[in-house]
Amino acid sequence: MQNFNQAIRRRLALLLLTTAGLAPNSYAAVETFTDENSGLLSWKAQHPGFSLQFIQLLPDYVRAVYGARGLPQEVVELMAGYCVFGTIIANESDGPLAYQVADWRYIVANGQPQPVKTKTQWLQEWQDMGVAFRWSLLPDDQQFAPGDWSQGFTTLPLAPGTTFKLHYQWTQQDQTHDGTFEALQCAPDKSADE
Amino acid sequence: MTELLKHCNAHRTSQPMSSSFITVLLSLVLYILPAIALAELPSPELSYQLNRLETPVQAPDFSLDDMDGEQHSLRDYRGKVIMLNFWATWCPPCRREIPSMESIYQDMGDKGFVVLGVNQFETPDHVFAYMGQLSVFPTFPILFDPDSSISERYAVKGLPTTLLINRQGEVVYRAAGGRDFDHPEVRAIVEELLAEGSGSS
């Protein structure tokens, strides 16, 4: 019974978070999830035929991922100094779909819209640092056929815990659509269980 | 790979916390745990849609080493239907789709179908350690594209990406993102491709 009550409480909390996260765009719902073990948050925007997911990643986790690829410590620390999200983008429609990260903008409180750093920009920096690795980051732009999806890291030059708004765009059947995450939050410096 | 095996064997016969043991432990911490942690991130269900190219394109040839240092060229497999899968250990959907690739390979491997897993930017030692963590150990060839030059030639933007190459050496299907290759619809596509050129091969 206790487990049942806990499950109900978790579902109510999720419902509240979901409601609080509803985007102004009437046909997009943003769900917020909390990882029970780490306390880390993730957000999923569901549009007709298109979904976009942002998952908080801890700086130590980012260090582990890049460290394991054998990248120089300088690069590992550079990446861990960014606000990094695991990003999943999926074409759930019956037609083609495309996106370009260059079209996306983030806005911190009282700030101006800023472009999201692209994979191409990172690769140029990495190349200048002698690194040939070109994976892990969300591709700049993709043309998805039905059923295609992709994932990768999205990086923002923001401090741990910073809350911001993210405007994103995509094209479906030659029509450009847009959506907003009203309140994404960078991962904290350490997880709740540390 | 053989280096890692040596490390494992050394551990069995040497004192606890020997340098070999520490090497294996470090491999686990540095390589495997981040991959497993990534695998636990929420991600979509694997779909099964493969997308037929409007115009088939000739698959660029390549020669890559497998885990034992043996070279495989694409042209060695001419006349077969090839599933060319670009992947890496840190990529969660890559991990999730491996059992389905192994399953279809096991069932159709003797009919002229082959799976080639082209790993990106990793070493055989690293991949071998990772394979030990999988529920299904792949028996199809795992090839190494250490500088990602082959994936670039195939215009691969994200991992995993999978291509189906027909018996004539043309890329005819493409899928970006993880798939369930054991799905009946995927099997039907492979069977169709096997049947297409079976008379001439």
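In this predicted model, Ala88(B) touches Trp135(A), Cys94(B), Asn119(B), Gln120(B), Phe121(B), Glu122(B) and Leu159(B), when residues up to four places away in sequence are not counted. Ala88(B) also belongs to the largest nonpolar core, which has 90 residues, and is one of the four members, together with Leu57(A), Val84(A) and Leu164(B), that touch the most other members. In soluble globular proteins, nonpolar side chains tend to be buried together.

Asn119(B), in strand S5(B), is the bridge partner of Trp87(B), while Gln120(B) has Asp145(B) of S6(B) as its bridge partner. Strand S5 of chain B, residues 113–120, is mostly covered, with seven of its eight residues buried.

**The sheet of chain B**

The secondary structure of chain B comes to six helices and eight strands, and, read along the sequence, these elements follow the pattern α-α-β-β-β-β-α-β-α-β-α-β-β-α. Eight strands of chain B form an open sheet with mixed pairing, in the order S1-S8-S7-S4-S5-S6-S2-S3. Strand S1 (51–58) and strand S3 (71–73) of chain B stand at the edges, and because each has a single partner strand, one side of each is left without a neighbour in the sheet. On average, neighbouring strands of this sheet are turned by 35° against each other, direction ignored.

| Strand pair | Sense | Bridges |
|---|---|---|
| S4(B) and S5(B) | parallel | seven bridges |
| S5(B) and S6(B) | parallel | four bridges |
| S1(B) and S8(B) | antiparallel | four bridges |
| S3(A) and S4(A) | antiparallel | seven bridges |

Between S4(B), residues 81–87, and S5(B), which pair in the parallel sense, the chain crosses through helix H3 of chain B, residues 92–108, in a right-handed β-α-β crossover. From S5(B) to S6(B), whose residues are 142–145 and which runs parallel to S5(B), the chain crosses through helix H4 of chain B, residues 124–131, and this β-α-β crossover is likewise right-handed.

Taken over the whole chain, buried residues make up 37% of the 201 residues in chain B. Of the contacts in chain B with a separation of 6 or more, 80% are accounted for by residues 24 or more positions apart.

**The contact between the chains**

The contact between the two chains takes 23 residues from chain B and 26 residues from chain A. On the side of chain B that touches chain A, helix H2 (19–39) and strand S8 (170–176) of chain B each supply at least two residues, and H2(B) gives the most, with four residues. By type, the residues on this side of chain B divide into 13 nonpolar, eight polar and two charged.

In chain A, an open sheet of five strands has the order S1-S2-S3-S4-S9, with antiparallel pairing. Strand S1 (29–34) and strand S9 (149–156) of chain A stand at its edges, each with a single partner strand, so one side of each is left without a neighbour in the sheet. Neighbouring strands here are turned by 20° against each other on average, again with direction ignored. Within this sheet, strand S3 (residues 50–56) and strand S4 (residues 83–91) of chain A pair in the antiparallel sense, and Ser51(A) has Ala90(A) in S4(A) as its bridge partner.

Gln100(A) lies in strand S5 of chain A, residues 97–100. Leaving aside neighbours within four places in sequence, Gln100(A) is in contact with Asp140(A) and Asp141(A). The C-alpha atoms of Gln100(A) and Pro48(A), which are 52 residues apart along the chain, are separated by 18 Å.

Terms used:
Residues are numbered from 1 along each chain as its sequence is written. Chains are lettered from A and ligands numbered from 1 in the order in which they are written. This is a predicted model: local features need pLDDT of at least 70, side-chain atom pairs count only at pLDDT 80 or more; totals for chains, interfaces and linings use all residues. Two residues are in contact if their C-beta atoms, placed from the backbone, lie within 7 Å. Ala, Val, Leu, Ile, Met, Phe, Trp, Tyr, Cys and Pro count as nonpolar, Asp, Glu, Lys and Arg as charged, and the others, Gly among them, as polar. A residue is buried if 20 or more other C-beta atoms lie within 10 Å of its own, exposed if 12 or fewer, and partly exposed in between; C-beta atoms are placed from the backbone. Two strands pair if DSSP finds at least two bridges between them. A crossover is right-handed if, with the strands pointing away from the viewer, the path from the first strand over the helix to the second runs clockwise. Axes are lines fitted to C-alpha atoms, for helices over the stretch in contact, and angles run from 0 to 180 degrees between N-to-C directions. A nonpolar core is a set of buried Ala, Val, Leu, Ile, Met, Phe, Trp, Tyr and Cys residues joined through C-beta atoms within 7 Å.
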